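Welcome! Take a look at the picture first, and then read on.

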Amino acid sequence: MAKFSALILITVVRLAMALPAYESLVGRSASEINEYIAREGIAEIPNPPLPLVDGSIKLVNNPSHPFIPAGPDDIRGPCPALNTLASHGYLPRNGIARPDQIVTAVMEGLNLGNDFAKFLAYQAFLMNGNPFTNLMSIGMKTPETGEDPPLPAQVGGLSQHGTFEGDTSMTRLDAFFGDQAAFNEDLFQGFIATSAEYGFNGTYDINAAAELRYQRLQDSILTNPELVFNSPRIISAYSEAVFPTIFFVDGRLNNRQLTMDAARHFFDFQMMPADFHRQPAPVNFTMVDPLTKAIFDKHPFSPGSNQGVNNFVLQPETPPLADFCGIYHDIALRVVPDQYPNPTGYLREALNKNLGFLFDAVNTEHNCIQAFPYGSD
Ligand code: HEM
Ligand SMILES: *[C@@H]1O[C@H](CO)[C@@H](O)[C@H](O)[C@H]1NC(C)=O
Ligand SMILES: *[C@@H]1O[C@H](CO)[C@@H](O)[C@H](O)[C@H]1NC(C)=O
């Protein structure tokens, strides 16, 4: 009996240390955040949000989510969807968010399926967020995510090149040529031209997506001496080529044909078109995977990187696009440990938690074997 209550006591004390208070750091000043972490050790890590209770079609550009352009202190980055969701208040408008808030925002605002939302958000967080404060910038690195864990951790925000952000983007320059996070009008003109040539009635559809993805890779092979196009970048490059044909199209029409007007709104204005409705049902891997496979099959490639201009060297030891679980393992066993080689204490606890959430996301539809870079306890 005495043993039993001692056990309970220890459990309660440990919980109290790990989850000091249900207190959110979102919206706090950098110094408040740092004081909190100095006192408590780690921020609360909420569990991943569950799938939407009502995943039906809905007016999402609505009066409770008005567009307000980003102010001078609001951060925006390389993802047109997250930028737009921040400008409509589905994410904190300053562009600093917890991964669970990102999951909620993409489900609620665009009807991304729960598993896909978690896959993107926790993967990004592990590469670009601050595990102590549970905050991530959707753009550039900023003190607003709190004091960093020790190097070689980057906590660089979503704009950090060579993590989630990578080369051959559709509307952003390769980092070698300039700002890899900023919308680029010249590239958008290419988006329009490719849609005019290959898309139905000038829209960005699956055929335009296949050609543009191919062209952007060929262009970088020919011009960017530092091109890197391997895991995990390849999976985001291909899903991001498909995403606009689904999520940026009004759910009432839902014809997988993105008009240039709607594309201009999301990519450039970071704004939902007037009266915009989200997808009529949550869109998960089961729906996206065949589309990424279709655009890959039109122009297959193998992962690799340039060793100088027009010298694309294949890297057969890295997983190809078709090996989803291989890419998940590459993230968990190589990419994350590159930044966190030997975490201990709270840091290890936070990383393991987020790695567990990432695994939940890949387990639902892909049945991968769980990877434990830091042990399984
Ligand atoms: C759920 C969390 C998400 C995260 C963490 C995320 C993160 C990112 C990042 C880091 C990039 C830059 C990659 C690069 O081009 O170098 C990106 C690009 C992109 N994202 Fe997201 N994203 C998310 C959800 C979405 C959703 C729901 C959509 C729906 C349309 C979307 C559409 C795009 C598109 C189209 C691009 C490519 C931009 C371009 O190539 O010019 N993302 N995202
Ligand atoms: C083609 O696009 C124009 C606007 O750009 C639109 O008015 C027309 O209805 C579209 N045609 C078809 C067949 O979708
Ligand atoms: C994925 O979406 C399809 C189509 O809406 C649905 O039938 C299926 O149950 C979903 N799968 C999961 C794991 O949510």
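Strand 4 (residues 304-306) pairs with strand 5 in the antiparallel sense over 3 bridges. This is a predicted model, in which local features need pLDDT of at least 70, side-chain atom pairs count only at pLDDT 80 or more, and totals for chains, interfaces and linings use all residues. Residues are numbered from 1 along each chain as its sequence is written.

**The sheet**
- Strands here are DSSP runs of E with at least two residues, and helices are runs of H or I with at least four, numbered from the N terminus.
- Two strands pair if DSSP finds at least two bridges between them.
- The order 3-4-5 describes an open sheet of 3 strands with antiparallel pairing.
- Strand 3 (228-229) and strand 5 (312-314) are the edge strands, each pairing on one side only.
- Opposite glycine 304 you will find leucine 314 in strand 5.

**Two helices packing**
- Helix 6 (residues 185-198) packs against helix 9 (residues 260-269) at an angle of about 155 degrees, with the axes 12 Å apart; axes are lines fitted to C-alpha atoms over the stretch in contact, and angles run from 0 to 180 degrees between N-to-C directions.
- Helix 6 and helix 9 are therefore roughly antiparallel (angles over 145 degrees count as such).

- Cysteine 79 sits in the loop between helix 2 (30-40) and helix 3 (80-87).

Note on methods: Chains are lettered from A and ligands numbered from 1 in the order in which they are written. Side-chain values use heavy atoms; hydrogens and water are left out. Angles under 35 degrees count as roughly parallel, over 145 as roughly antiparallel, 65 to 115 as roughly perpendicular and the rest as oblique.
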